[in-house]
Amino acid sequence: MALPPQLSRALENFRDQAKDALWALSSCLCQQTPKVKINGRTFQIIKVLGEGGFSFVYLAQDEDSGRQFALKKIRCPTGAQGVKEAMREVEAYRRFKHPNIIRIMDSAVVQDPEGEGQIVYLFLPLYKRGNLQDAINANVVHGRHFPEQDMVRLFRGTCLAVRAMHEYRPTTPRSAAAAKNLKSTSTGKARANENDADDEDDDARFPQAEGDAEGGYSYDGGASASMPLVSRRLQDEEPDVVFDGDEEVENAQQQGNALEIVPYAHRDLKPGNVMIADDGKTPILMDFGSTMMARVHIENRSQALLQQDIAAEQSTMAYRAPELFDVKTGQTIDEKVDIWSLGCTLYALAYSHSPFENTQTTEQGGSIAMAVLNAQYKHPQSAYSQGLRDLIDSMLKVNPAERPDINQVIQMTDRVLQSLA
(Lines give C-alpha, C1' and ligand atoms only; values in the text may rest on other atoms or scores of the structure.)
Protein backbone atom coordinates (compact mmCIF):
# COMPACT_ATOMS: atom_id res chain seq x y z
CA MET A 1 0.00 0.00 0.00
CA ALA A 2 1.42 3.38 -1.02
CA LEU A 3 2.05 5.86 1.78
CA PRO A 4 0.53 9.35 1.66
CA PRO A 5 3.03 11.86 0.17
CA GLN A 6 3.44 13.81 3.43
CA LEU A 7 4.14 10.66 5.45
CA SER A 8 6.50 9.38 2.78
CA ARG A 9 8.46 12.67 2.86
CA ALA A 10 8.57 12.59 6.65
CA LEU A 11 9.94 9.04 6.70
CA GLU A 12 12.50 9.90 4.02
CA ASN A 13 13.57 12.96 5.98
CA PHE A 14 13.86 10.96 9.21
CA ARG A 15 16.06 8.41 7.47
CA ASP A 16 18.33 11.15 6.11
CA GLN A 17 18.58 12.85 9.50
CA ALA A 18 19.48 9.55 11.13
CA LYS A 19 22.16 8.99 8.51
CA ASP A 20 23.68 12.43 9.11
CA ALA A 21 23.49 12.04 12.88
CA LEU A 22 25.17 8.63 12.70
CA TRP A 23 27.89 10.12 10.52
CA ALA A 24 28.55 12.87 13.06
CA LEU A 25 28.49 10.41 16.00
CA SER A 26 30.78 7.88 14.34
CA SER A 27 33.30 10.58 13.50
CA CYS A 28 33.44 11.55 17.18
CA LEU A 29 33.82 7.96 18.37
CA CYS A 30 36.54 7.22 15.84
CA GLN A 31 38.23 10.58 16.45
CA GLN A 32 38.32 11.14 12.72
CA THR A 33 37.32 14.24 10.86
CA PRO A 34 34.80 13.37 8.12
CA LYS A 35 35.39 14.99 4.75
CA VAL A 36 33.36 15.85 1.71
CA LYS A 37 34.62 16.49 -1.81
CA ILE A 38 32.79 19.09 -3.85
CA ASN A 39 33.95 19.91 -7.36
CA GLY A 40 37.54 18.94 -6.70
CA ARG A 41 37.88 20.63 -3.32
CA THR A 42 38.02 18.80 -0.01
CA PHE A 43 36.27 20.14 3.07
CA GLN A 44 36.68 18.87 6.61
CA ILE A 45 33.44 18.62 8.57
CA ILE A 46 34.40 19.75 12.05
CA LYS A 47 31.05 19.57 13.85
CA VAL A 48 27.30 19.92 13.49
CA LEU A 49 26.14 23.49 14.06
CA GLY A 50 22.42 22.84 13.76
CA GLU A 51 19.68 20.97 11.99
CA GLY A 52 16.30 21.74 10.52
CA GLY A 53 13.45 19.74 9.13
CA PHE A 54 15.21 19.06 5.84
CA SER A 55 18.83 19.99 6.35
CA PHE A 56 21.96 19.91 8.48
CA VAL A 57 24.39 22.80 9.00
CA TYR A 58 28.05 21.96 9.63
CA LEU A 59 31.19 23.84 10.52
CA ALA A 60 33.35 23.09 7.48
CA GLN A 61 36.95 23.98 6.66
CA ASP A 62 38.60 24.09 3.25
CA GLU A 63 41.68 21.85 3.43
CA ASP A 64 43.65 24.03 1.01
CA SER A 65 42.92 27.54 2.30
CA GLY A 66 41.94 26.77 5.88
CA ARG A 67 38.86 28.99 5.51
CA GLN A 68 35.88 28.01 7.62
CA PHE A 69 32.25 28.14 6.58
CA ALA A 70 28.79 27.23 7.74
CA LEU A 71 27.98 24.47 5.25
CA LYS A 72 24.28 23.80 4.81
CA LYS A 73 23.48 20.37 3.38
CA ILE A 74 20.04 19.80 1.86
CA ARG A 75 19.17 16.31 0.65
CA CYS A 76 16.97 16.09 -2.45
CA PRO A 77 16.00 12.41 -2.85
CA THR A 78 13.22 13.33 -5.30
CA GLY A 79 15.67 14.48 -7.95
CA ALA A 80 15.21 17.56 -10.14
CA GLN A 81 12.04 18.78 -8.40
CA GLY A 82 13.67 18.55 -4.99
CA VAL A 83 16.72 20.42 -6.27
CA LYS A 84 14.49 23.10 -7.76
CA GLU A 85 12.78 23.60 -4.41
CA ALA A 86 16.09 23.72 -2.54
CA MET A 87 17.54 26.22 -4.99
CA ARG A 88 14.76 28.64 -4.07
CA GLU A 89 16.85 29.43 -1.03
CA VAL A 90 19.88 30.22 -3.18
CA GLU A 91 17.74 32.45 -5.38
CA ALA A 92 16.47 34.28 -2.28
CA TYR A 93 20.03 34.93 -1.12
CA ARG A 94 20.78 36.38 -4.55
CA ARG A 95 17.63 38.49 -4.59
CA PHE A 96 17.88 40.38 -1.30
CA LYS A 97 20.93 42.55 -0.68
CA HIS A 98 21.13 44.28 2.68
CA PRO A 99 23.69 44.61 5.50
CA ASN A 100 21.32 42.74 7.84
CA ILE A 101 20.73 39.83 5.45
CA ILE A 102 23.22 36.98 5.16
CA ARG A 103 25.11 36.62 1.89
CA ILE A 104 25.63 33.21 0.40
CA MET A 105 29.29 32.62 -0.49
CA ASP A 106 28.75 29.76 -2.89
CA SER A 107 26.48 26.85 -3.77
CA ALA A 108 26.76 23.45 -5.38
CA VAL A 109 24.56 20.57 -6.45
CA VAL A 110 26.17 17.11 -6.39
CA GLN A 111 25.02 13.53 -6.66
CA ASP A 112 24.27 11.85 -3.34
CA PRO A 113 27.10 9.30 -2.96
CA GLU A 114 25.02 7.23 -0.52
CA GLY A 115 21.83 6.91 -2.49
CA GLU A 116 19.65 8.22 -5.25
CA GLY A 117 18.92 11.88 -5.70
CA GLN A 118 21.14 14.89 -5.21
CA ILE A 119 22.51 17.09 -2.44
CA VAL A 120 22.48 20.89 -2.46
CA TYR A 121 25.33 22.52 -0.53
CA LEU A 122 25.19 26.16 0.54
CA PHE A 123 28.36 27.86 1.77
CA LEU A 124 27.50 30.62 4.24
CA PRO A 125 29.59 32.95 6.42
CA LEU A 126 30.48 31.60 9.85
CA TYR A 127 29.21 33.76 12.70
CA LYS A 128 31.00 32.61 15.83
CA ARG A 129 28.61 34.37 18.19
CA GLY A 130 25.75 32.15 17.06
CA ASN A 131 22.16 33.32 16.77
CA LEU A 132 19.66 35.14 18.95
CA GLN A 133 18.27 31.85 20.25
CA ASP A 134 21.76 30.93 21.45
CA ALA A 135 21.91 34.26 23.27
CA ILE A 136 18.48 33.63 24.81
CA ASN A 137 19.59 30.19 25.99
CA ALA A 138 22.72 31.70 27.54
CA ASN A 139 20.56 34.24 29.35
CA VAL A 140 18.40 31.46 30.79
CA VAL A 141 21.44 29.49 31.97
CA HIS A 142 22.99 32.53 33.65
CA GLY A 143 19.72 33.96 34.99
CA ARG A 144 19.98 37.23 33.11
CA HIS A 145 18.11 39.23 30.46
CA PHE A 146 19.04 41.47 27.56
CA PRO A 147 19.53 45.13 28.45
CA GLU A 148 16.45 46.74 26.87
CA GLN A 149 18.35 49.17 24.65
CA ASP A 150 20.63 46.43 23.25
CA MET A 151 17.65 44.14 22.66
CA VAL A 152 15.61 46.79 20.85
CA ARG A 153 18.59 47.65 18.64
CA LEU A 154 18.96 44.01 17.65
CA PHE A 155 15.25 43.92 16.90
CA ARG A 156 15.45 47.08 14.81
CA GLY A 157 18.24 45.64 12.66
CA THR A 158 16.13 42.55 12.10
CA CYS A 159 13.23 44.77 11.02
CA LEU A 160 15.48 46.52 8.49
CA ALA A 161 16.24 43.13 6.94
CA VAL A 162 12.54 42.31 6.80
CA ARG A 163 11.81 45.68 5.18
CA ALA A 164 14.25 44.83 2.37
CA MET A 165 12.04 41.82 1.65
CA HIS A 166 8.65 43.47 2.11
CA GLU A 167 9.69 46.38 -0.11
CA TYR A 168 11.68 44.45 -2.68
CA ARG A 169 11.75 46.27 -5.98
CA PRO A 170 13.18 44.41 -8.99
CA THR A 171 15.90 46.48 -10.62
CA THR A 172 16.96 46.77 -14.22
CA PRO A 173 19.85 44.35 -14.83
CA ARG A 174 23.23 45.76 -15.82
CA SER A 175 24.52 45.31 -19.31
CA ALA A 176 27.39 42.86 -19.64
CA ALA A 177 29.78 45.71 -20.54
CA ALA A 178 28.79 47.77 -17.49
CA ALA A 179 29.20 44.78 -15.23
CA LYS A 180 32.63 44.06 -16.73
CA ASN A 181 33.76 47.66 -16.25
CA LEU A 182 32.52 47.75 -12.67
CA LYS A 183 34.21 44.47 -11.88
CA SER A 184 37.56 45.75 -13.17
CA THR A 185 37.68 48.70 -10.76
CA SER A 186 40.37 48.84 -8.10
CA THR A 187 38.03 47.61 -5.40
CA GLY A 188 37.15 44.49 -7.38
CA LYS A 189 33.71 44.60 -5.85
CA ALA A 190 30.44 44.80 -7.74
CA ARG A 191 27.14 45.97 -6.42
CA ALA A 192 24.49 43.73 -7.98
CA ASN A 193 21.39 45.32 -6.51
CA GLU A 194 20.68 48.73 -5.02
CA ASN A 195 17.22 48.07 -3.63
CA ASP A 196 18.05 49.78 -0.35
CA ALA A 197 19.31 53.29 -1.00
CA ASP A 198 19.93 53.92 2.70
CA ASP A 199 22.87 51.53 2.78
CA GLU A 200 25.61 53.47 0.98
CA ASP A 201 28.44 51.45 2.55
CA ASP A 202 26.98 48.14 1.41
CA ASP A 203 29.78 47.51 -1.12
CA ALA A 204 32.53 47.81 1.44
CA ARG A 205 30.90 45.53 3.96
CA PHE A 206 29.13 43.02 1.72
CA PRO A 207 30.73 42.66 -1.74
CA GLN A 208 28.52 41.14 -4.41
CA ALA A 209 30.32 39.17 -7.10
CA GLU A 210 29.08 38.25 -10.53
CA GLY A 211 27.79 34.73 -11.06
CA ASP A 212 29.97 32.22 -12.85
CA ALA A 213 28.92 30.57 -16.07
CA GLU A 214 27.58 27.47 -14.37
CA GLY A 215 25.42 29.22 -11.81
CA GLY A 216 27.77 29.28 -8.82
CA TYR A 217 28.13 32.50 -6.87
CA SER A 218 30.99 33.75 -4.72
CA TYR A 219 30.61 36.79 -2.52
CA ASP A 220 34.05 37.11 -0.99
CA GLY A 221 35.54 39.64 -3.40
CA GLY A 222 39.10 39.51 -4.66
CA ALA A 223 40.23 36.26 -6.23
CA SER A 224 37.15 34.32 -5.24
CA ALA A 225 34.96 36.75 -7.13
CA SER A 226 36.44 35.59 -10.41
CA MET A 227 37.10 32.00 -9.34
CA PRO A 228 34.15 30.63 -7.37
CA LEU A 229 34.70 28.37 -4.39
CA VAL A 230 32.47 25.73 -5.95
CA SER A 231 29.87 25.77 -8.68
CA ARG A 232 26.19 25.04 -8.78
CA ARG A 233 25.66 22.28 -11.34
CA LEU A 234 22.10 21.59 -12.37
CA GLN A 235 21.83 18.68 -14.77
CA ASP A 236 19.52 19.18 -17.72
CA GLU A 237 18.66 22.72 -16.60
CA GLU A 238 19.74 26.16 -17.68
CA PRO A 239 21.96 28.04 -15.20
CA ASP A 240 19.33 30.67 -14.41
CA VAL A 241 16.28 28.83 -13.16
CA VAL A 242 12.93 30.63 -13.16
CA PHE A 243 10.83 29.39 -10.28
CA ASP A 244 7.06 29.10 -10.21
CA GLY A 245 5.47 32.28 -8.89
CA ASP A 246 8.45 34.49 -9.77
CA GLU A 247 7.90 34.70 -13.52
CA GLU A 248 6.56 38.28 -13.41
CA VAL A 249 9.62 39.47 -11.52
CA GLU A 250 12.13 37.56 -13.65
CA ASN A 251 10.54 38.54 -16.97
CA ALA A 252 10.41 42.20 -16.05
CA GLN A 253 14.06 42.10 -15.02
CA GLN A 254 15.07 40.52 -18.31
CA GLN A 255 13.13 43.13 -20.27
CA GLY A 256 14.54 45.99 -18.20
CA ASN A 257 11.07 47.15 -17.12
CA ALA A 258 10.61 49.22 -13.97
CA LEU A 259 8.38 47.38 -11.52
CA GLU A 260 6.47 48.43 -8.47
CA ILE A 261 7.32 46.86 -5.14
CA VAL A 262 6.99 43.07 -5.14
CA PRO A 263 6.72 42.04 -1.48
CA TYR A 264 8.30 38.82 -0.29
CA ALA A 265 7.65 37.18 3.09
CA HIS A 266 10.27 35.26 5.05
CA ARG A 267 7.60 33.12 6.76
CA ASP A 268 9.90 31.67 9.40
CA LEU A 269 11.14 34.61 11.43
CA LYS A 270 12.35 33.53 14.87
CA PRO A 271 15.41 34.06 17.10
CA GLY A 272 17.10 30.96 15.71
CA ASN A 273 17.11 32.48 12.22
CA VAL A 274 18.85 35.71 13.22
CA MET A 275 22.62 35.45 13.55
CA ILE A 276 24.75 37.87 15.56
CA ALA A 277 27.64 39.39 13.59
CA ASP A 278 31.14 39.34 15.03
CA ASP A 279 30.72 42.92 16.28
CA GLY A 280 28.15 41.59 18.75
CA LYS A 281 25.48 44.13 17.81
CA THR A 282 24.51 43.57 14.17
CA PRO A 283 21.70 41.05 13.53
CA ILE A 284 21.91 39.02 10.32
CA LEU A 285 18.71 37.44 8.98
CA MET A 286 19.18 33.99 7.47
CA ASP A 287 17.44 30.76 6.39
CA PHE A 288 15.35 31.68 3.38
CA GLY A 289 14.08 28.18 2.65
CA SER A 290 10.52 29.25 3.49
CA THR A 291 10.61 32.56 1.59
CA MET A 292 7.98 33.22 -1.05
CA MET A 293 6.13 36.06 -2.75
CA ALA A 294 4.12 37.49 0.10
CA ARG A 295 0.65 37.98 -1.32
CA VAL A 296 -1.29 34.80 -1.99
CA HIS A 297 -5.02 35.00 -2.73
CA ILE A 298 -6.92 31.90 -1.65
CA GLU A 299 -9.58 31.08 -4.23
CA ASN A 300 -10.76 27.66 -3.08
CA ARG A 301 -10.50 25.08 -0.33
CA SER A 302 -7.76 23.17 -2.11
CA GLN A 303 -5.51 26.23 -2.13
CA ALA A 304 -6.32 26.89 1.53
CA LEU A 305 -5.25 23.39 2.55
CA LEU A 306 -2.10 23.68 0.45
CA GLN A 307 -1.09 26.88 2.23
CA GLN A 308 -1.75 25.27 5.61
CA ASP A 309 0.43 22.31 4.64
CA ILE A 310 3.25 24.59 3.45
CA ALA A 311 3.09 26.58 6.68
CA ALA A 312 3.04 23.43 8.82
CA GLU A 313 6.13 22.19 6.99
CA GLN A 314 8.14 25.40 6.83
CA SER A 315 6.98 27.85 9.54
CA THR A 316 7.82 27.20 13.21
CA MET A 317 4.58 26.73 15.12
CA ALA A 318 5.29 29.00 18.10
CA TYR A 319 6.12 31.89 15.74
CA ARG A 320 3.52 31.18 13.03
CA ALA A 321 0.80 33.74 12.30
CA PRO A 322 -2.80 32.70 13.08
CA GLU A 323 -3.95 33.08 9.46
CA LEU A 324 -1.54 30.28 8.52
CA PHE A 325 -3.13 27.88 11.01
CA ASP A 326 -6.63 28.36 9.64
CA VAL A 327 -6.47 29.49 6.01
CA LYS A 328 -9.84 30.63 4.72
CA THR A 329 -11.18 30.75 1.18
CA GLY A 330 -11.44 34.28 -0.18
CA GLN A 331 -8.69 35.78 1.98
CA THR A 332 -5.32 37.06 0.84
CA ILE A 333 -2.29 36.05 2.89
CA ASP A 334 0.34 38.78 2.82
CA GLU A 335 3.53 40.06 4.43
CA LYS A 336 1.71 40.70 7.73
CA VAL A 337 2.55 37.07 8.62
CA ASP A 338 6.09 38.33 9.24
CA ILE A 339 4.87 41.15 11.49
CA TRP A 340 3.26 38.58 13.79
CA SER A 341 6.49 36.57 13.85
CA LEU A 342 8.46 39.72 14.65
CA GLY A 343 6.17 40.29 17.63
CA CYS A 344 6.83 36.75 18.84
CA THR A 345 10.56 37.23 18.30
CA LEU A 346 10.71 40.45 20.33
CA TYR A 347 8.67 38.81 23.09
CA ALA A 348 11.12 35.88 23.12
CA LEU A 349 14.09 38.24 23.36
CA ALA A 350 12.46 39.92 26.34
CA TYR A 351 11.13 36.89 28.20
CA SER A 352 13.25 33.99 26.84
CA HIS A 353 10.41 32.11 25.13
CA SER A 354 7.71 32.63 22.54
CA PRO A 355 4.46 34.12 23.88
CA PHE A 356 2.75 30.86 23.00
CA GLU A 357 5.31 28.51 24.56
CA ASN A 358 4.17 28.84 28.14
CA THR A 359 3.51 26.38 30.97
CA GLN A 360 -0.04 25.75 29.79
CA THR A 361 0.96 24.81 26.25
CA THR A 362 4.23 22.98 26.95
CA GLU A 363 3.50 21.16 30.21
CA GLN A 364 -0.27 20.99 30.65
CA GLY A 365 -1.25 19.64 27.26
CA GLY A 366 -2.54 22.94 25.93
CA SER A 367 -2.67 23.72 22.24
CA ILE A 368 -0.20 26.22 20.79
CA ALA A 369 -2.50 26.57 17.78
CA MET A 370 -5.48 27.54 19.94
CA ALA A 371 -3.36 29.96 21.95
CA VAL A 372 -2.18 31.59 18.72
CA LEU A 373 -5.65 31.75 17.15
CA ASN A 374 -6.94 33.55 20.25
CA ALA A 375 -3.76 35.57 20.95
CA GLN A 376 -3.66 34.11 24.47
CA TYR A 377 -0.48 35.41 26.08
CA LYS A 378 0.64 37.58 28.99
CA HIS A 379 3.63 39.75 29.72
CA PRO A 380 5.63 38.44 32.69
CA GLN A 381 6.65 40.96 35.31
CA SER A 382 9.83 42.68 34.20
CA ALA A 383 11.75 45.93 34.28
CA TYR A 384 11.09 46.55 30.61
CA SER A 385 9.31 49.73 29.54
CA GLN A 386 5.64 50.08 28.74
CA GLY A 387 6.70 51.21 25.27
CA LEU A 388 8.30 47.82 24.65
CA ARG A 389 5.19 45.98 25.79
CA ASP A 390 3.00 48.19 23.59
CA LEU A 391 5.26 47.49 20.60
CA ILE A 392 4.90 43.74 21.11
CA ASP A 393 1.13 43.98 21.56
CA SER A 394 0.75 46.03 18.36
CA MET A 395 2.22 43.18 16.31
CA LEU A 396 0.33 40.34 17.99
CA LYS A 397 -3.11 41.14 16.58
CA VAL A 398 -5.10 38.16 15.30
CA ASN A 399 -6.52 40.25 12.45
CA PRO A 400 -3.65 40.99 10.03
CA ALA A 401 -5.29 44.29 9.01
CA GLU A 402 -4.84 45.56 12.59
CA ARG A 403 -1.09 44.90 12.60
CA PRO A 404 1.31 47.67 11.60
CA ASP A 405 3.34 47.38 8.42
CA ILE A 406 7.11 47.06 8.64
CA ASN A 407 7.72 50.82 8.36
CA GLN A 408 5.31 51.50 11.21
CA VAL A 409 7.06 48.83 13.29
CA ILE A 410 10.41 50.53 12.67
CA GLN A 411 8.94 53.93 13.60
CA MET A 412 7.54 52.54 16.87
CA THR A 413 10.86 50.83 17.57
CA ASP A 414 12.68 54.13 17.08
CA ARG A 415 10.34 55.79 19.57
CA VAL A 416 11.11 53.10 22.13
CA LEU A 417 14.84 53.65 21.58
CA GLN A 418 14.42 57.40 21.94
CA SER A 419 12.62 56.91 25.24
CA LEU A 420 15.51 54.80 26.52
CA ALA A 421 18.26 57.25 25.50
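Here is a walk through the salt bridges of this structure. The model is predicted, so local features need pLDDT of at least 70 and side-chain atom pairs count only at pLDDT 80 or more, while totals for chains, interfaces and linings use all residues. Residues are numbered from 1 along each chain as its sequence is written, and side-chain values use heavy atoms, with hydrogens and water left out.

Take a salt bridge as a side-chain nitrogen of Lys or Arg within 4 Å of a carboxyl oxygen of Asp or Glu; that rule gives 10 of them. One of these joins E63 to K35, at 2.8 Å from N to O. E63 sits in the loop between β3 (55–62) and β4 (68–76) and K35 in strand β1 (residues 35–38), so this contact ties together parts 28 residues apart in sequence. Strands here are DSSP runs of E, at least two residues long, and helices are runs of H or I with at least four, numbered from the N terminus.

Next, D62 pairs with R41 at 3.1 Å, N to O. That links strand β3 to strand β2 (residues 41–51), across 21 residues. On burial (buried is under 20% relative accessible area, exposed over 50%, partly exposed in between, with a 1.4 Å probe and protein chains only), D62 is buried at 1%, whereas R41 is partly exposed at 22%.

E335 lies in the loop between β12 (332–333) and α11 (336–351), and R295 in the loop between β10 (292–293) and β11 (296–297), 40 residues apart. E335 is buried at 13%, but R295 is exposed at 54%.

Finally, K72, E89 and D287 form a linked network of salt bridges.
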